[in-house]
Amino acid sequence: MCGIAGVIHRDGDADIGDEMTRMLQAMKHRGPDSTGYALYAPPTDGIVIRFKLADANDERDFEFGERLERHRNEVESRLGKIGATVERMEGDTEYAFRARVRYSGDLKALADYLEDVPGCEVLSIGTSLEIVKDIGDAETVAGMYHLGGFRGTHAIGHVRMATESDVDISGAHPYWAYPFSDVAVVHNGQLTNYFHWKRRLERSGHRFQSECDSEIIAVYLAEKMVGGASLEDAMHQSLDDLDGVFTYVAVTADSLGVAKDEMAAKPLVLFETDELVVLASEEMAIRAIIDHEIDTYDPYEGQVLVWSR
Amino acid sequence: MAEGSSQRVTYDARGLSEPTVEIPRVSQIDGKSAVFDAGPLTTRQINRELRWLVYERGIHDVTITNPGAKHSLGVAILARCTITFAGSLGYFGCGLIDGPEIHITGRVGWSFGENMMSGVVVIDKNAGSLTGAAFRGGDLVVRGDVGARTGIDQKGGTILVGGNGGMNIGFMMQRGRQIYCGNVGPGLGDSMYDGSIYVAGSVKSLGIDCVETEFTSADQELIDRKFSIYGFGTPPMFRKFGCGKQLWNYDNLEPSERKLVL
């Protein structure tokens, strides 16, 4: 089933870590397997890399800890070799890390070089984007990664009921649009021409972190935008190119958009003011962060809506 | 169930179920009317409080404040009574009801009024997709917009919509009436068997086997009456759509004969 959520403060910032946690926890019944966040802090000069060196449910053999330490050091070493200056690197868990670096080179080369380290998977790279995802409900994940108090401008989130791939971090949403900075997607539904688009995008040089159809959308959109399309144009085009039933939310450093397939088969409820847009698979998630009576609506079939800051 | 007793539920979806739910008994009762705050209550607590009031205390006028868009509220009420939800409901609200008059001051989510058998429901704002799925009787009034597949598999009664409708309105509808004061999306009345759909605004496209049919004085009388009852003002001009009866299921073959042919 899965549940998706998004919030964008069009003027100013807020504790989006706490807001998204409350929204996602309210939808725990839609997907208790894993929870993920794409959080957007105000942009800075440097970039933030979120990566993991193992999965949450990997077997803990006798060398697990030592191996992680060795691979972490290797990542740090490679960051230096490729020309990045590491300002700070810290671990939220024994296997998931956050690095703040200064780097002006090619992001694809950076991501590929880091992912060459055994077990390394880059979850996100961006000037403001940080993707955090793990097994468990929203309160569990937020507690592990200390997301309460994360101030930012916009965010999306996902609670997952695993149907077509494993219960692990790689199969959890959101997906970063490798190798494009600051683009992420959450999705509720199923793409029926997944393999067609996966092969096509792989021929263009992209790699995929998972077997999850949702990852296609992120890379698809980012490729269109690099080709000159706006987020809104890319999302409109996706309605023709992607088959299946879906509602997805896409975010960039300054925008948040939602697209609904032409069958309107997956739910989404919207609350919108001049300052704030909140959306979720269920209205009760919106009400988790708004304490007064509100008017909401459902987007119609084939509709694309984009809000920018 | 006797007052004070509890129900044992063995299924626990990873900590999400409520194995033991007492009737909260938080209502303020004044003669034959009662009001209670649903804000701090769970879905099962709300429904148990409502059923306790209607069935065991004989209260015929219940107001529920702060429903908070929770799911599955007000389902399976099979008594003549008046219920007001002061706020919005989530998914699967007021399904399987038979007899009550329900007023919702907010909005409702997907699959509202599913299998409703009789009574009246008035929703002041919008409704999600699949509103009135398999709707069997009574009046279901939405003053705002409705989502896709409203009245899917409808078997009777009247759905009156003050705003617009989404795609596949009346999909596989079998009987009954739907009235739209605004526009409707693509695939209107797709694969409908029977029944009537009235649209005042634009129709993006007709579904398979849906055709425009003659609008008669009886149709106008029906619309005038419904508009008058629910305070919709002067009716605009409507067009009427129904089933063209050209699909395979309208041929003269019995199912056994069709097997032989195919």
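Analyst: Welcome! Two residues are called in contact if their C-beta atoms, placed from the backbone, lie within 7 Å. The model here is predicted, so local features need pLDDT of at least 70 and side-chain atom pairs count only at pLDDT 80 or more, while totals for chains, interfaces and linings use all residues. Residues are numbered from 1 along each chain as its sequence is written, with chains lettered from A and ligands numbered from 1 in the order in which they are written.

User: Which residues is Ala26(A) in contact with, leaving aside its neighbours within four places in sequence?

Analyst: Those residues are Met284(A), Ala285(A) and Ala288(A). Ala26(A) itself sits in helix α1 of chain A (helices are DSSP runs of H or I with at least four residues, strands are E runs of at least two, and both are numbered from the N terminus). Arg67(A) is 41 residues from Ala26(A) in sequence and 37 Å from it in space, C-alpha to C-alpha.

User: What makes Ala26(A) count as buried?

Analyst: Ala26(A) has 24 C-beta neighbours inside 10 Å. A residue is buried with 20 or more other C-beta atoms within 10 Å of its own, exposed with 12 or fewer, and partly exposed in between. Ala26(A) therefore counts as buried.

User: Why is helix α1 of chain A called largely enclosed by the rest of the structure?

Analyst: Because 8 of its 11 residues, in the run 16–26, are buried. Besides Ala26(A), the buried residues of α1(A) include Ile16(A), Met20(A) and Leu24(A).

User: Why is α5(A) called oblique to α6(A)?

Analyst: Helix α5 (residues 194–203) and helix α6 (residues 214–226) of chain A pack at about 50 degrees, with axes 10 Å apart. Angles under 35 degrees are roughly parallel, over 145 roughly antiparallel, 65 to 115 roughly perpendicular, and the rest oblique. The angle of about 50 degrees therefore makes α5(A) oblique to α6(A).

User: Which residues make that contact between α5(A) and α6(A)?

Analyst: From α5(A) come Tyr194(A), Trp197(A), Lys198(A) and Leu201(A), and from α6(A) come Ile216(A), Val219(A), Tyr220(A) and Glu223(A). They divide into 6 nonpolar, no polar and 2 charged residues (Ala, Val, Leu, Ile, Met, Phe, Trp, Tyr, Cys and Pro count as nonpolar, Asp, Glu, Lys and Arg as charged, and the others, Gly among them, as polar).

User: How many residues does each chain bring to the contact of chain B with chain A?

Analyst: Chain B gives 22 residues and chain A gives 16. The chain B side has 5 nonpolar, 12 polar and 5 charged residues.

User: And what does chain B contain in helices and strands?

Analyst: Chain B has 3 helices and 12 strands, and 45% of its 262 residues count as buried.

How values were computed: Axes are lines fitted to C-alpha atoms, for helices over the stretch in contact, and angles run from 0 to 180 degrees between N-to-C directions.
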